[in-house]
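Hi,

Here is the structure I promised to pass on. My notes follow below it.

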Amino acid sequence: MKHQVSRRQFTKLAIGAAIVGFNADARSWVTEASNAARPFDRLPKLDGTLLLDEESRRAIAIDQGNMFHRVPAAVLRPGSVQDIVVMLRYANRHKLKVAVRGNGHSRYGQTQAEAGVVIDSRSLNAVRVRTPHSADAQLGALWSAVADAMLPKGVTPRLFPGTCLALLTVGGTLNAGGIGLASPHHGALVDNVTDLDVVTGDGRLLTCSPEHESELFEMMLAGQGQCGVIVRAGLPLIPAPTHLMYHELTYTDLDAYLRDQLRLAREGRFDGQRGDMRRDQSGTWSFVIEIGKFFNPPNEPNLQALEEGLRFASAAAPVRMTYRDYLFRLEQRGPLPGIAPAGAPSPFITMWIPASATKDYLSNILSLSPEAAALPRVNGSDGFGCYPLNTRCFTRPLFKMPSEEQVFSFWLFRSVKPGDEAALSALLASNRDLLAKMTTIGGKRYAPYSMVISSEEWQAHYGPEVWRRFVAAKAKYDPNRVLSPHPAIFEER
């Protein structure tokens, strides 16, 4: 049984004493049975619950990377935004670190706070359509809930994440950046936000937008939770299409694949676009472009005209599906095979490579053996995502992109068997090598899938002007450095 603590109803621990406060000197929670003479501050009034049992604390100290397990002192399940306000003020008084965790999709322990407080955002999950052009979503709302709330009203965000919608929360995605199949046209998820409600690191509830508190707005989006907690996001809406035609084009010529991917992204022929590089059991690579075009029956897109001039080797039969089925197609497949075994250490990395350097850079990956690559394998085959983006669509200063007009995104979903420390060490070394080569050619890392790096490396990643702004925002909004202790952007390791 989980032991929950709130000011509304104290729950007894196994020893029979209720938690009533925090002892700053001993760095421990205080019970009614403790020596009352010790200095401690009483718990703030909460609408939700504070979990202190070992089971809850250990359960939340896990993410999908399965490499870091930092156990907090407590887990807050907020019953209101005000709970986050008062807990952050409380944490500032007692020098407690605070992290926010949604669905645990991070890879490098970014949502953990050892001996601190982890806010489980999933209890704040409301979604509301304000007008035909705008909606609100709380930090713990899953993107599947966003779709469920909006599609019946005939509206949709411009962009959804490109993975299972039930895996990601709105707050977590906006802390990271977020990429979807429409990103070649609309940029990242953080480029598609109108306004935010934020609880700053020092416990102030502020509304920000491009017109009001604009610097906070910019430093929150893709800011990895360093300056505050996003508690509400305003999402712009457009009319939802009813159907989509999905098509896969397979290439055996790498040059043709890269050229056609860039052409399609530049010309915007399709509404959704991504790509994969796949190696069969014989070791032969093929390259697949996945494209989708929205339509409303009875008018269907003319694929022959849309694909004119493309040099693919073969094409699958086009698939017609509803827009909803398109959004939820990964959920409908069930668990994705081969991504990573349960509990397996999974040091994923994602990079943005300048288009002019992509072919040469690919040789670093295509030459790896299946064992060294450690990529997802299905029926003996492995592969990774590789598709283009237009950098002009990415406008947020903390979502760093190379300087070229077009880049290729590389998604290396690597993993090793649980308990194989030697294999994990080798894989981490390989990741560091790939990232170093990426930096040399002017590439940029996707911050949440970027390994554990030093403050100096973060500074080089953001560049001097953005770094100056980020440091100033951290000092202004989280002066005691309470929030998001990992990935330790602003401190030495």
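Asp382 sits in strand β22 (residues 381–390). Strands are DSSP runs of E, at least two residues; helices are runs of H or I, at least four; both are numbered from the N terminus.

This is a predicted model, where local features need pLDDT of at least 70, side-chain atom pairs count only at pLDDT 80 or more, and totals for chains, interfaces and linings use all residues. Residues are numbered from 1 along each chain as its sequence is written, and side-chain values use heavy atoms, without hydrogens or water.

Asp382 is buried, at 6% relative accessible area. (Buried is under 20%, exposed over 50%, partly exposed in between; 1.4 Å probe, protein chains only.) Beyond its neighbours within four places in sequence, Asp382 contacts Met277, Arg278, Arg279, Trp285, Pro370, Ala373, Leu375, Pro376 and Arg377. Contact means heavy atoms within 4.5 Å.

Now the helices. The axes of α7 (residues 254–267) and α11 (residues 358–366) come within 11 Å and cross at roughly 125 degrees. Axes are lines fitted to C-alpha atoms over the stretch in contact; angles run from 0 to 180 degrees between N-to-C directions. That makes α7 oblique to α11. (Under 35 degrees is roughly parallel, over 145 roughly antiparallel, 65 to 115 roughly perpendicular, the rest oblique.) From α7, Leu254, Asp255 and Leu258 make the contact; from α11, Thr358, Lys359, Leu362 and Leu366.

Which residues of α11 are buried? Thr358, Tyr361, Leu362, Ile365 and Leu366. Down the α11 axis they fall within an arc of 140 degrees, so they line one face of the helix. The arc is taken from the directions from helix axis to C-beta atoms.

Best wishes
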